[in-house]
Amino acid sequence: MTDILYLISAICFIFALKGLSSADTAKSGNIYGIVGIVLACLGAYTSSCNLLYPLIAILLGGSIGIFISKRISMTQLPEMVAGFHSLVGLSALLIDSAAYFSPELFGIVNNNGDIYISSLIEIGLGIAIGAVTFTGSIIAFLKLKGVYKGQTINLVFNSFIGLIVILFLITFTITADIKYFYGLIIFSLLLGMTLIIPIGGADMPVVVSMLNSYSGWAASGIGFTLQNDLLIITGALVGASGAILSYIMCKSMNRSLIDVIFSYSQIVSDNKNIQNKSNKSYKKGAPEDAAFLLKNASSVIIVPGYGMATSQAQHSLKEMGDILKKEGVSVKYAIHPVAGRMPGHMNVLLAEANVPYDDVCELDEINNSFATCDVAYVIGANDVTNPAAKNDPTSSIYGMPILEVGKAKTVLVLKRSMGVGYAGLDNELFYAHNTMMLLGDAKKTTEAIIKSL
Ligand code: NAP
């Protein structure tokens, strides 16, 4: 019964991933995921001889999960994901420690009572990956929550810690000695912290998906220790999809993964730029001016960013788009792969407001259209439109592809102040001759434009 439930559950997870890969099938993907996890819990339940423990675990874990997700807003999702990854790392660490201290219970000892060498390798790797995921995810959580900014750490220092971890891993698998076991845990915990602390703001999305991948491999490792096929399969699915997502995100930011992991100069340049507030002049407009420009345009491209999420302007935005369409204006939405605070953030919000999928375009699809469009409507987006990514080699986001909104005839920028975005950089776009700043909350400004229209 357990094997059958696990098999169906694994198939559900594969369908879940397939469904989640596109916006119009995401809902069914989610349902497959829910069915898969329920079956997995039932499988764990039927495989246990003492039914009380899994029941307590399922009820307790499920209630905590529901309690946390009910309180979390959309904009806090990335930090919640990072927090949950840390728990996967911690469980890998604890389960592998249990296997080391009570190997007989896991059936991993030979006739002399020694742990098999293959099991020692699994335990060692599980502990190293689990510990790095655990502390790395906690640091990522603190950085995404904004309570910790990070600091520079010398590359030589990190390489040194990495080398010590490898040495402990090798000596532990050869000797199974408790000294090396503790050494491996301590230095892997340290490595998790020192790896993530220096990574700069604009690279955090890649870090989150990288930790996602690590947590998958950690879960897969637990599967080997517990001889649980479902955990091996699920962990591998998460590990591989997280790695692919990291690769796709790096590609869309024009960076290599190695670059992201070892970009130690980034924090310094971010901080330097935060203080670089300028006194340049800019053009300020009113919602009525914007309404006039929009109504008289023949094509409008809307560029949403993190500010649209915080002001929850997606419904008003859709309403405005519909009014313009009725007036015969062509309206498209341009999505940058790292807009917002999590992969697909903007897609989710626009889908929630029932914006048709056909109107939503990826960066590559739409970037050439800005040159021929009348109005670019930049709503709460900043870094993803910053020309410094193309023009300023000293900028921390240099090399990241941007939505080239500056090429439009007129650029309307909705934000509350002239302040910086996530990467802490000033944005030349705001001072351009064809840019009009509409300062205020994005939702309120859009509503005022709708009224005018
Ligand atoms: P951004 O650069 O963070 O800029 C968002 C802008 O929204 C801010 O400049 C802010 O300006 C404005 N804003 C905030 N609340 C607002 C409100 N209520 N009404 C109007 N405007 C508001 O955002 P982005 O252009 O979307 O770029 C995303 C950034 O986040 C990138 O640097 C990316 O690397 C990073 N990141 C992405 C992810 C991901 O997975 N997508 C994860 C982590 C980090 P004011 O304060 O002046 O209003």
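Predicted model: local features only at pLDDT ≥ 70, side-chain atom pairs only at ≥ 80, totals over all residues.
Residues are numbered from 1 along each chain as its sequence is written, and side-chain values use heavy atoms, without hydrogens and water. Local features were required to have pLDDT of at least 70 and side-chain atom pairs pLDDT 80 or more, whereas totals for chains, interfaces and linings use all residues.

Helices (H or I, at least four residues) are DSSP runs, numbered from the N terminus. Helix α6 (residues 117-145) packs against helix α9 (residues 204-226) at about 150 degrees, with the two axes 9 Å apart. Axes are lines fitted to C-alpha atoms over the stretch in contact, and angles run from 0 to 180 degrees between N-to-C directions. The pair is therefore roughly antiparallel (angles over 145 degrees; those under 35 count as roughly parallel, 65 to 115 as roughly perpendicular and the rest as oblique). The crossing of α6 and α9 is left-handed, the near helix being turned anticlockwise from the far one by less than a right angle. Contact (heavy atoms within 4.5 Å) involves, among others, Ile129, Gly130, Val132 and Thr133 of α6 and Val208, Leu211, Tyr214 and Trp217 of α9. By class, this contact comprises 11 nonpolar, 6 polar and 2 charged residues; Ala, Val, Leu, Ile, Met, Phe, Trp, Tyr, Cys and Pro count as nonpolar, Asp, Glu, Lys and Arg as charged, and the others, Gly among them, as polar.

Helix α7 (residues 155-175) and helix α8 (residues 178-196) pack at about 155 degrees, with their axes 9 Å apart, so α7 is roughly antiparallel to α8. Their crossing is left-handed. Residues in the contact include Phe157, Ile161, Phe168 and Phe172 of α7 and Tyr180, Phe181, Phe187 and Leu191 of α8. The contact of α7 with α8 has 14 nonpolar and 7 polar residues, and no charged residues.

The axes of helix α15 (residues 314-326) and helix α19 (residues 442-452) come within 9 Å and cross at roughly 25 degrees, which means that α15 is roughly parallel to α19. α15 passes α19 in a left-handed crossing. Ser316, Leu317, Glu319, Met320 and Ile323 of α15 meet Lys443, Thr446, Glu447, Ile449 and Ile450 of α19. These residues divide into 5 nonpolar, 2 polar and 3 charged.

The ligand is surrounded by 29 residues (a heavy atom within 4 Å), of which Thr310, Asn382, Asp383, Arg416 and Ser417 are the closest.

How values were computed
Helix = DSSP H or I, 4+ residues; strand = E, 2+ residues; numbered from the N terminus.
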